[in-house]
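Here is a short briefing for a first look. Take in the chain and its fold, then read the points by topic.

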Amino acid sequence: MDNIEPMALIIDGRTLDFALEDDIKLTFLELATHCKAVVCCRVSPLQKALVVKLVRKNVHDSVTLAIGDGANDVGMIQAAHVGVGISGQEGLQAARSADFAIAQFRFLRKLLLVHGGWAYARMSKLICYSFYKNITLYLIQMWFAINNAWSAQTLFETWSSVSSYNVAWSVFQPFVMGIFDQYVSARMLDRYPQLYHLGQRSVFYNHKVLFSWVLNSFYHSLFIYYAWHFVYGEGLFMPDGRVGDNWSWGQMVYCSVLATIGWKAALVVDSWVKFTYIAIIGSFVAFMVLFPPYTFVGPITRISPELFNVLRPMFASPAFWFGLLLIPIGANLRDFVWKYVKRTYFPKSYHIIQEVQKYNIPDYRPRMEWFRKAVHKVRMIQRLKRSRGFAFSQTETGQVGLISKYDTT
């Protein structure tokens, strides 16, 4: 069948009744899949839904898309993997039943190429980063268990560290990635529709990518824990001779984890908006500001008695501040180098588009063309205003010719 010229199948509703019967519907599907295009004309709403269900159920690795503008398309839209409703003169039934609603059919190009590409890249990054940040934190507990002879002693305080990790301190980074991140601009996605194949080829999310993120979390957790193990040694000695306990050390490690996952988020995001700064920088700053008051409130209210007198061994220690600065940078140094090598020596297609977007190399002529059209439009409006006038009290220069052009009947 591969050597046959492209074919098209056209079938009407009466014939489709027989084609959808149980004994021949798979034969009809096989014939349809070998055609370049299949047109089902004069069919009922139920037949539309049955055709979509037949393809969705029997064609493996297929993603069905249904587009409709009226109530007769609701069944087809709901049967497909992705439904798109067009809100217009036919009503809002299709738009309300669909996954996405557009005003005109021409907007489908932007929905697929731009928003579809963004959504795939964002969700891929969100899922991988969520796995990464959780594995990084909780694997440190396992490395600590090796050193305490598996005594079930925890390194981190429960409320301010473990329970609030996915609720307060590391929740905004994935949100920003999943909502605002753009690996290339809308103009570039529309100009280079070949980038849509990135999603079809599973470039951003596959088993290899996810496994690399998991391995990276293993590496970061090992680096953070044993780097602080080297700094802390047998105990953190204070200038007055006192020694910090394991809770002080645990909070030092926890601060480094927050800084490390923040650096990692800064490396993987492609577009920075004000919410990106708030999520990445603001989350860490908020913890460093709110943690000192909590070390006084927690022990008094008996919510976190472990934090009694941990603030001074932490914040009065120069080793803590040097470790908080150097350990996250050292953990992400490998990621930074690998990103540089990959973009420089093994660039992907979207890397090239990002560079084109950055330096606007082919973007100069389209922008100048847009600017020229905009200037021409403004000048035309100004000429019309000068010729028409604004009130009948003005001179009739230009108004007589303008009024005579209209059919007053």
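Which helix gives the most to the lining of the largest cavity? Helix 14 does, with three residues. This is a predicted model, in which local features need pLDDT of at least 70, side-chain atom pairs count only at pLDDT 80 or more, and totals for chains, interfaces and linings use all residues. Residues are numbered from 1 along each chain as its sequence is written, and side-chain values use heavy atoms, with hydrogens and water left out. Helices (H or I, at least four residues) and strands (E, at least two) are DSSP runs, numbered from the N terminus.

**The cavity**

- The structure holds one cavity of 30 Å³ or more.
- A cavity is a set of points on a 1 Å grid, over the protein atoms alone, where a 1.4 Å probe fits but cannot get out; lining residues have an atom within 4 Å of a point.
- Grid points are joined across faces, edges and corners, and a volume is the space filled by probe spheres set on the points.
- About 30 Å³ of space lies in the largest cavity.
- Its lining is made by Trp169, Gln173, Leu258, Gly262, Ile280, Ser283 and Phe284.
- Helix 13 and helix 14 (274-300) are the elements that give two or more residues to this lining.
- By class, four of the lining residues are nonpolar, three are polar and none is charged.
- Ala, Val, Leu, Ile, Met, Phe, Trp, Tyr, Cys and Pro count as nonpolar, Asp, Glu, Lys and Arg as charged, and the others, Gly among them, as polar.

**The largest pocket**

- A pocket is an open set of points with protein on both sides within 12 Å along at least five of seven lines.
- The largest pocket has a volume of about 1100 Å³.
- It is lined by 34 residues, and Val209, Trp213, Trp338, Lys342 and Tyr350 are the closest to its centre.
- Helix 12 (207-232) supplies the largest share of the lining, seven residues.
- Helix 6, helix 13 (246-268), helix 16 (318-345) and helix 17 (349-359) are among the helices that each supply at least two.
- The lining has 15 nonpolar, seven polar and twelve charged residues.

**The second largest pocket**

- Its volume is about 750 Å³.
- Of its 24 lining residues, Val63, Val82, Leu112, Gly116 and Tyr196 lie nearest the centre.
- Strand 4, helix 6 and helix 11 (197-200) give two or more residues each.
- Helix 6 has the largest share, with ten residues.
- Here the classes are 15 nonpolar, seven polar and two charged.

- Three strands form an open, parallel sheet in the order 3-4-5.
- Strand 3 (65-68) and strand 5 (100-102) are the edges, each pairing on one side only.
- Two strands pair if DSSP finds at least two bridges between them.
- Strand 3 and strand 4 (residues 82-86) pair over four bridges.
- Alanine 66 has glycine 83 in strand 4 as its bridge partner.
- Neighbouring strands are turned by 20 degrees against each other on average, direction ignored.
- Helix 6 (residues 108-147) lies across strand 3, strand 4 and strand 5, at about 135 degrees to strand 5.
- Contact means heavy atoms within 4.5 Å.
- Axes are lines fitted to C-alpha atoms, for helices over the stretch in contact, and angles run from 0 to 180 degrees between N-to-C directions.

**Transmembrane regions in the record**

- An unreviewed UniProt entry lists "transmembrane region" for residues 126-146, 166-189, 210-228, 248-268, 275-294 and 314-333.
- UniProt positions are given in the numbering used here, feature names are shortened, and annotations may be inferred rather than shown by experiment.
- Residues 126-146 are 100% helix and 0% strand, with end C-alpha atoms 31 Å apart.
- Residues 166-189 are 71% helix and 0% strand, with end C-alpha atoms 33 Å apart.
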